[in-house]
Amino acid sequence: LDRRTYSYSIYKTIGKPLNQAHGPKELLRAIIHATVGLHNLFLQGYEHRDVSLGNIMIVPGGFKCDPPTQLPALERESICYGILIDGDQAIPRKGDRALQQSKFGTLPFMSLRLLFMMAANEPTLHTPLDDLESVVHTLGYLALDYSERHNTQTTIEKDWFQNF
C-alpha cells in the first residue's frame, strides 16, 4: 500500500501551459528549465513519475533560481522560465524498492519501456530515464499540436497525432 499525505502549496507565481508559448524560444527554455528541475529532484533522491504536458509550466517573466551546479552549459542561468509541478506521484529513490504493477504517469507521455511492461502485465521499477523520456514525448506532442493548430500537418503527422 502506498501511503500518501495530501498537501498543497500556494505560490505567488502563476504559470501558463506549454501550448500557450509565444514561440519556440519560450517553449524550449521552459522545457529545459523544467528538465533542470527534474535533474535537481533526482539529485535530491526523488523521481517525479508524472512528467507530462500538464505538469510543465511556463513562468512568464521567470523567477529567481539557483544556477544548476552540475550543468556547466547553464551555470550562468539565475532566472528560471519553466517549472515542473504536480509532484504527487514523486517517490524517494532509496534502498531496495519493490517492483510495481500499477502505472504511474500520464499514459501518452509514459516511456515506451513502462508501456511495454504495463501491456505485458509485468512488474517494473520506474526510473529517472523514464521521467526523461517523458520530457521527449511532451516535446513531440507539442510539435504535433502546433502543426495541427496551424494546419501544417502532413498525413503521417495527422495519423500520429490521432493515435497519441
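I began with the sheet: three strands form an open sheet in the order β1-β3-β4, with antiparallel pairing. The edge strands are β1 and β4, since each pairs on one side only. For the record, two strands pair if DSSP finds at least two bridges between them. Helices (H or I, at least four residues) and strands (E, at least two) are DSSP runs, numbered from the N terminus.

A note on provenance: I am working with a predicted model, where local features need pLDDT of at least 70, side-chain atom pairs count only at pLDDT 80 or more, and totals for chains, interfaces and linings use all residues. Residues are numbered from 1 along each chain as its sequence is written, and side-chain values use heavy atoms, with hydrogens and water left out.

Next I checked the β3 and β4 pair, which runs antiparallel over five bridges. Ile58 has Gly82 in β4 as its bridge partner. Helix α1 packs on this sheet, touching β1, β3 and β4 (contact means heavy atoms within 4.5 Å), and its direction makes about 70 degrees with that of β4. Such angles run from 0 to 180 degrees between N-to-C directions, with axes fitted to C-alpha atoms, for helices over the stretch in contact.

Then I turned to α1 itself. It covers residues 24-43, 20 residues in total, and reaches 28 Å from first C-alpha to last, close to the 28 Å expected (1.5 Å times one less than the number of residues). Its buried residues include Leu27, Ala30, Ile31 and Ala34; buried means under 20% relative accessible area, with a 1.4 Å probe and protein chains only. Their cover includes β1, β3, β4 and α3 (128-149). Just after the helix, Gly45 takes a positive phi of about 90 degrees.

Which residues touch the most other members of the largest nonpolar core? I found Leu18, Ile31, Val51, Ile56, Leu84 and Leu142, out of 14 residues. Such a core is a set of buried Ala, Val, Leu, Ile, Met, Phe, Trp, Tyr and Cys residues joined through side-chain atoms within 4.5 Å. The largest share, five residues, comes from α1. Leu142 touches, among others, Leu27 and Ile31.

Last stop: His48, in the loop between β2 (46-47) and β3. Is His48 buried or exposed? It is buried, with a relative accessible area of 3%. The residues it touches include Leu38, Leu84 and Asp131. The backbone oxygen of Asp86 lies 3.3 Å from a polar atom of the His48 side chain.

Definitions and conventions. Buried < 20%, exposed > 50% of the residue type's maximum accessible area, 1.4 Å probe, protein only. Polar contact = N/O pair within 3.5 Å; in protein donor to acceptor, adjacent residues only side chain to side chain. Lists of a residue's contacts leave out its neighbours within four places in sequence.
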